[in-house]
Amino acid sequence: MKIISGNDIDTIDLKNAGGKGANLIHLKNQGFQVPKFIIIPANELTDLISQNVNDDNAIINFIENYRFPDKFIQDIEGLFGNQALLAVRSSASMEDSQESSFAGLFESIMYVPILDIQSAIRKVWLSVYADRVKKYMHSKKLDSTHLSIAIILQEMVEADVSGVAFGANPADGNEDEQIINAVFGAGEGLVSGQLDADMYLINAAGTKEEIADKKHQLIFDNQAGCGLKKVTLTKEKQKQSTLNSTQIAELKTLLSQLKNHFKAPQDIEFAYRNKELYLLQSRPITTGNKKNNTENYILWDNSNIIESYPGVTTPLTFSFISQSYQQAYQLFSAYMGVDPKVIAKNQQVFKNTLGLIKGRVYYNLKTWYLMLAMLPGYSLNARYMETMMGVKERFDIPQDYIISKGQAYWSIAKTAFKMLKRMFSLPKKRKEFMQLLEETISQYKAIDFNSKSAPELLKLYLDFEQKLLNEWKAPLLNDFFAMIWFGMLQKSTLKYLKSENPNIHNDLLCGSSDIISTQPIHRSIAIATFINQDEDIKAFFEGSPEIVWKNLQSEKTDPDILALKKQIEDYIHDFGERCVGELKLETLSYEQAPEQLIRVLQSYVQQNITVKSTSGNLEQELRANAEKEIQEKLRFKLIKKWWLRYILKITRQLVSGRENLRYERTRAFGIVRMLFSHIGKRFYEEDLIENSRDIFYLTKSEIEGYIEGRAVFTDLKSNIAIRKAEYERFETEEPPPERFSTNGIVYSSEISGREETSSNDGELKGIGCCPGKVRAKVRLVKHPNEVDSLNGDILVTSSTDPGWVTLFPSASGIIVERGSLLSHSAIVSREMGIPCIVSVTGLLKQLKSGDEVLMDGSSGIIKILESK
């Protein structure tokens, strides 16, 4: 077997060296300090395969059983010494290019003794045929026949300090900034995310250092003779900078030299041993956003909207909510003093508030930034407004947004006066809106949709849209003022009370009996209690949910069963739309599928979950203790106490209004769901679609166009079949990260971004929402219909909506990856006295079912005690 050593490295061509190998050759030829390496050319593997086998399964079998010639091992020992430790790295022909990085797809094995070199090479060869590589090549539209792989054998550097460095800021592609991350010991701890790293940001202003509190480092495990082990750093080293000023300057120079040589900023791995710098790897920055290199750089984020639209969302729902968001934010911008001409001219901005990426709903943060920039106050203090709204990314602002400071001051003055009037009139407007909504929904619920044709149903929808969905002023204003006053309450409690309780502002909002979010859980538990009190009713309630519901409907005489039937029917009438995925039109609500509610009630009955077992006064205690602290700390500060109590009063009203108006939105969406579901039935009856529920794979405009004669295609069945296949693929694929960027044409752009993690040596951190410590096993649940009961496990999930609360009573604790202090899981868990933590970054990547943890609902800290 042929190998290319450092003496004749120039004899190998690019194709046979692979992307990574070619980079190392360039680095060596330019005189950079690169650890000793050799390359097994790619054609060595292809020649071996062509002589023996011709299909993937046979190739895999051949590689697994291939024995290397004795001379090959002898040559390796001669070059590196028989005690050497090597890195065995992939070097594919397309790898580490500007267009495709293949990052992490092929195997790379570190600290390999010479005795294990054959096994390591086989593993790297086999990784070419892994499913993840095939999927990546398919997504990038790459031809697999052009893929070949070389192997790099490189001397390991037992590093004192290791790290990665970027010749441009990978967050926004800014080539005037460089970033260095470094750890003590081996770099695997940094790359894998196991260890916290020091960060150095270099720009024209100098070097900004963020020194991490480092607990450990990874070093070679001499006792085992292979691999790495984690060791504790001395207290002195834990807070010490990994790099000194000379080393930072040296790395900055290196990044500049590499950029000049490769004609592009580089992403490098480096190591220091005995104060000597080694360059381990260099490749173009492919994960950066390249904002400066494209006109259509977009940042996507679903950290908040996922609570409303979890998982894959169908075309009908997206087309409906996309239009709703467009209309709502145009209206809101007008309320905030944006010139109507600016709004009219920038319709495309409002149209792109949301995006649909792999079937999942995301906020387009570029659009949100541009809407923020339309506000008059942006011209006066852009940086302050960006900070206040939590905007971390900056985009180019169109010239027509920019107004003079004089115009801005006048516009703000007028808007402030109007907003003040609107705030004081909000309770009245809220009441009027609720009355309009109740009248409209009652009117529509009285209609027999089964008797209506598709054109009649469409007209009913359009009338509903005009009458109600376009009159969403009160909820918009309430949400805006709730955000402002909640922030004021948080700042005021921090300033006036200086409390040891970081969530005291949250505790002050507990125990509001007028919040509707908690009523469904109390009502459903009351029904379960009624069932549990009588053995005959319990017996009646056994069996499949479908049979129980059918028997309930046919019961005519038994007074107890009739009483139960009325309770359940009343619940469905009042809360039939409050279910998992309640804002997605394709969701089957309790009103459409009552057996789903029966299944929930059966779960409560089986676990003996009753009013008595779930009753508690935790919310009242939290609220009373927080109010007592106000009384004690502001006893002699009457003005501050009055002001704080006034802020609290207004905030409570707005937060309650926010939750209640959100429920009314759910009811309105329920009417839209019923209308389109019945249009689906009419289409099915006319053999236009294969199944009545296929209607959700068409967009709203496509349905309208087909009914009214404006459709650009008429073969609905074929179009739906294609979409269903695509959406089935979305369901099985790994979802995009919480936040990522695209460049150019969105759907042909590579997704650039990765999920972060809040893990720190077996400890996770989130926002504590409900106090209490729980030690228990966790149950990772992606959808509440997966399980009937948690049996005292801690519920761990990505996000929740109000439909999830049916699982809460059987959980000892709740941990949610997304969310905030005002999310449904936080509000309901406090009401039920269940310890809860939300906003735990990377939660689902750190925990799995069966892990034992200790969670603290006050501090938001989760300690991983035992991993399964």
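Tyr-363 counts as buried because its relative accessibility is 15%, where buried means under 20% relative accessible area, exposed over 50% and partly exposed in between, with a 1.4 Å probe and protein chains only. Before going further, note that this is a predicted model, in which local features need pLDDT of at least 70, side-chain atom pairs count only at pLDDT 80 or more, and totals for chains, interfaces and linings use all residues. Residues are numbered from 1 along each chain as its sequence is written, and side-chain values use heavy atoms, with hydrogens and water left out.

Let's stay with the rings. The structure holds 28 aromatic pairs; rings of Phe, Tyr and Trp (its six-membered ring) pair if their centres lie within 6.5 Å, and planes under 30 degrees apart count as stacked, over 60 as edge-to-face and the rest as tilted. One of these pairs joins Tyr-66 and Trp-125 in a tilted arrangement, 6.3 Å centre to centre with 55° between the planes. This pair links distant parts of the chain, 59 residues apart: Tyr-66 is in the loop between α3 (56-65) and α4 (70-80), and Trp-125 is in helix α5 (residues 117-126). Helices (H or I, at least four residues) and strands (E, at least two) are DSSP runs, numbered from the N terminus. Tyr-66 is buried at 13% relative accessibility, and Trp-125 is buried at 2%.

Back to Tyr-363: with Trp-368 it forms an edge-to-face pair, 4.9 Å centre to centre and 75° between the planes. Trp-368 counts as partly exposed, at 25% relative accessibility. Ring pairs also bring both residues into a cluster with Tyr-325, Tyr-329, Phe-332, Phe-480 and Phe-481.

Now for the strands. Four of them form an open sheet in the order β1-β4-β2-β3, with antiparallel pairing; two strands pair if DSSP finds at least two bridges between them. The edges are β1 (37-40) and β3 (108-113), each pairing on one side only. Strands β2 (residues 85-92) and β4 (residues 149-155) are antiparallel partners over seven bridges, and Leu-86 has Glu-155 in β4 as its bridge partner.
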